[in-house]
Amino acid sequence: MKAPLSWIKDFVEIPDEISTDEIVKGLVKVGFEVEDVISTGLDLSGPIIVAKVLSIEELSGHKKPIRFVQIDCGGSQSRYVICGARNFSEGDLVVAALPGSILPGDFAITSRETYGKISDGMICSAKELAMSDNHEGIIVLPPGPASIGDNAIELLQLKDEIFDIAVNPDRGYALSIRGLARELAGALNLTFVDPINETLKRQKEYQGGGLKDDQKFEARITTGADLLHIRRIENLNLQAMTPLWLSRRLEKSGMRSISLAVDITNYIMLELGQPLHAFDSEKVKKFIEVRAARKGEVLQTLDKVERNLDTSNLVIADASGPLALAGTMGGFSSEVSGSTGSILIEAAHFHPIAIARNSRSHKLSTEASRRFERGVDSSLPEIASLRAAFLLIDLADGDLKSSSFIGEAEPNFQFTVSHLAINQLIGYSYSVDQCKDALDKIGAKYQITGDEISITTPSWRPDLKNINDIAEEIARINGYELIPMKVAYGKEPMSSPDLKSGALRLRRKKQISEFLAAKGFSESANYPFTSDDFIRSLGFTGDRAKTFKLANPISEEFPVLRTHILQSLLPTVIRNLNRGAKNVALFEMGSVFRNTINLTGGPILSTGARPKKEDIERVLNSVPHQPLMVAGVIAGSVEAAGWWGKGRSGDWLDAIFFAEEIVKLCGSEVGKVASDFAPWHPGRCAELQVAGRAVAHAGELHPKVIELLELPARSVAFAVLIDAINPGEIIQPSPLATMPPGIQDIALIVDNSVAAAELESALIEGAGPYLEKIELFDRYDKIGEGKISLAYTLTFRAPDRTLKAEEIADFRSAAVSLASKRYGAVLREG
């Protein structure tokens, strides 16, 4: 919505000291987005005046028609200018820029010789003055308001500020100068003058004079509207030019001037927000009716497009058939022309859904349809149609002969809210005066009794229906900056140990996402849909392959819900590789669904009241368990090659590392054992356990899976079932170590069937309480006879003293002894 400041000032008393920036801040404060402020005329300076064409001399011998024009600028002598335009004649009033003027684009006007003549200035077009993009001819002014020598900058209102404002769909009233002016007045605590007041005052003259009901044209409504007003104006002179003040306001608002009758209806739509339509009454038969289109009807609209109507369309019709696509566009057959002497002004309050259906079905979005779709003030049809009639009387010498209407405006909505409840809802303690001030500014009527506020909403705000709407308005008018900033949280505290806690889930998701992103992974968000064939091809069996079939799948290729995150992540990895990515590291977090429990049918709950606890339980029991899982895939290098070295491809130890770190982020200690779970390589897969329970798998993908999906060789993956990890105890920081450490390296030879994690666990247990840290730093498998060597660094430290060498040696021996007892470990010498 483009709103010129000069027009807004008609309805808001804005002091000169209020700047454009303050106006923008006021509009933003009450919830409007000001997309742009267009300052017109700032780079324009005079003398730019009104001149009269005295004579025209046609110059020949040039590539294009050229005129040497004599103009009267109001001085003692006339001037001569060169002009190529053909749209003016002797006696016309034009806009002349005299030498010394500067036009937009820093174009200076001087007296110069051209085409063998001295051009002492320039006659201007609308484009040259930055009024519009029209460069087809020069500006020809209508007689009356303009006189020779007048300042054209002031006459044409060339200097102005135009606000380009984004209006939300639920605030249709603001698609008008009236609505925006009311909001701006409230935001800046200024006086608002309602533009309908003058029309209401003038209406009494016609009511006193006995304005007749129209006997010739009856107003009818069958469906799609609740109010229709018809005004018949006769003896019109529609060849009269649109006055400058009106056409300029249309141009500044982004609309072009077409004809006097059309310009008046567009002007009122912009001013009040009520779209109108004018029909040539000589082309209308018997009545004006709002009804549904009939099968087979055809309407040629004003854009000269033949539109086949169906019964879902709403039309305005007479006895002969459709005249207009209701609330969207008029029909060509009843168009008003310059020869029209009598017109019918139609103003209706249409149902928004009906107009939206018209617009969508014919792909025809207009200024009128956009307003009706968002909701128009139901009290406006009467006032706006009368305002149009008065303008036609004043500007086209018409006579208001009769009126006809049917229906009535929607009643204003009434309800009661609690002052305390509003404050609780917003989180700020508004005073009674602050509530009253906000209600006054939105135009609501109210009565306060104790804590209760009885409210009658204004006709232009049909969106206000309950306490939530009123609370939002009170917060908006008083300023959102008053509301204190608080961290939002659920009913469960963030420290809740309950595995079902929503807060715990959110915290884990955030921590895991940030960790993987910091390690170079990109997150992928996929639909949780797959196919049974793909699940089987990855090697999933048993409960891990029991799926839920979708009742209405988005594609027949993906008819079931995934049972594992890799089922949706792996196709995304393939897609990235096929599009040229050489090294891919992706992760995804989401729910998985396994059909392992017989579900009961849930009840259909009413929305009128809070459901009973047992009904909620039944609903929850009717939906599948949806545990949270995170999975990641590394395909390609994890360290790039370059001048610094060869680089390194991701391997199964990387996958295990990421899975292990995720489990630790969830607050649990992790154990590792060998596994042959699909879709991993049976010899390069680890199962991660918490308290003996499997929570994750990681390692190299199975060669068959890699071949099937055409992944890079030895691609790896990990998957962690987050909801299976019980929250650990809160980690308490240990005291800062001040004593020196004792460091011992040991290498143990064991059977290659012994997992490194199992051996590490025995060493930890045997080493005793002074073991601070243990790290595996080498694995050697070239010993033969099914043996491997695992080398560890053991760090010992006492908190209060320096450990003796003899003590450290004893701790080391105890660790080796327990490892030997459990796994046959032999200390490797040399």
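1. S668 counts as buried, because its relative accessibility is 8% and buried means under 20% relative accessible area, exposed over 50% and partly exposed in between, with a 1.4 Å probe and protein chains only. The residue sits in the loop between α18 and β36, where helices (H or I, at least four residues) and strands (E, at least two) are DSSP runs numbered from the N terminus. A polar atom of the S668 side chain lies 2.8 Å from the backbone oxygen of N726. Not counting residues up to four places away in sequence, S668 touches V663, V690, I725, N726 and G728, contact meaning heavy atoms within 4.5 Å.

2. On provenance, this is a predicted model, in which local features need pLDDT of at least 70 and side-chain atom pairs count only at pLDDT 80 or more, whereas totals for chains, interfaces and linings use all residues. Residues are numbered from 1 along each chain as its sequence is written, and side-chain values use heavy atoms, with hydrogens and water left out.

3. The largest pocket has a volume of about 1,300 Å³, a volume being the space filled by probe spheres set on grid points that are joined across faces, edges and corners. A pocket here is an open set of points on a 1 Å grid over the protein atoms alone, where a 1.4 Å probe fits, with protein on both sides within 12 Å along at least five of seven lines, and lining residues have an atom within 4 Å of a point. The lining comprises 33 residues, of which I656, K672, A756, A757 and L776 lie nearest the centre of the pocket. It divides into 19 nonpolar, five polar and nine charged residues.

4. As for which elements build that lining, α18 (652-665), β36 (671-674), β37 (680-690), α20 (756-767), β41 (771-784) and β42 each supply at least two residues, and α18 gives the most, with seven.

5. Strand β42 (residues 787-796) contains T793, which is buried at a relative accessible area of 16%. Its side chain makes a polar contact with the side chain of D745 at 2.8 Å; such a contact is a pair of N or O atoms within 3.5 Å, of which, within protein, one must be able to donate a hydrogen and the other to accept it, and residues adjacent in sequence count only if both atoms are side-chain atoms. Leaving aside neighbours within four places in sequence, the residues in contact with T793 are I743, Q744, D745, K773, I774, E775 and F777.

6. The largest nonpolar core has 101 residues, and of these I8, I14, I268, I288, I343 and F350 touch the most other members. Helix α10 (residues 380-396) gives the most to this core, with 11 residues. Apart from it lies another core, of 29 residues, among them C666, V670, A696 and F718. A nonpolar core is a set of buried Ala, Val, Leu, Ile, Met, Phe, Trp, Tyr and Cys residues joined through side-chain atoms within 4.5 Å.

7. Two backbone values deserve a check. D397, in the loop between α10 and β25 (399-407), has a positive phi near 60° although it is a residue other than glycine, and it counts as exposed at 54% relative accessibility. A130, in the loop between β11 (122-123) and β12 (140-141), is likewise not a glycine and has a positive phi of about 60°, while its 48% relative accessibility makes it partly exposed.

Notes
Ala, Val, Leu, Ile, Met, Phe, Trp, Tyr, Cys and Pro count as nonpolar, Asp, Glu, Lys and Arg as charged, and the others, Gly among them, as polar.
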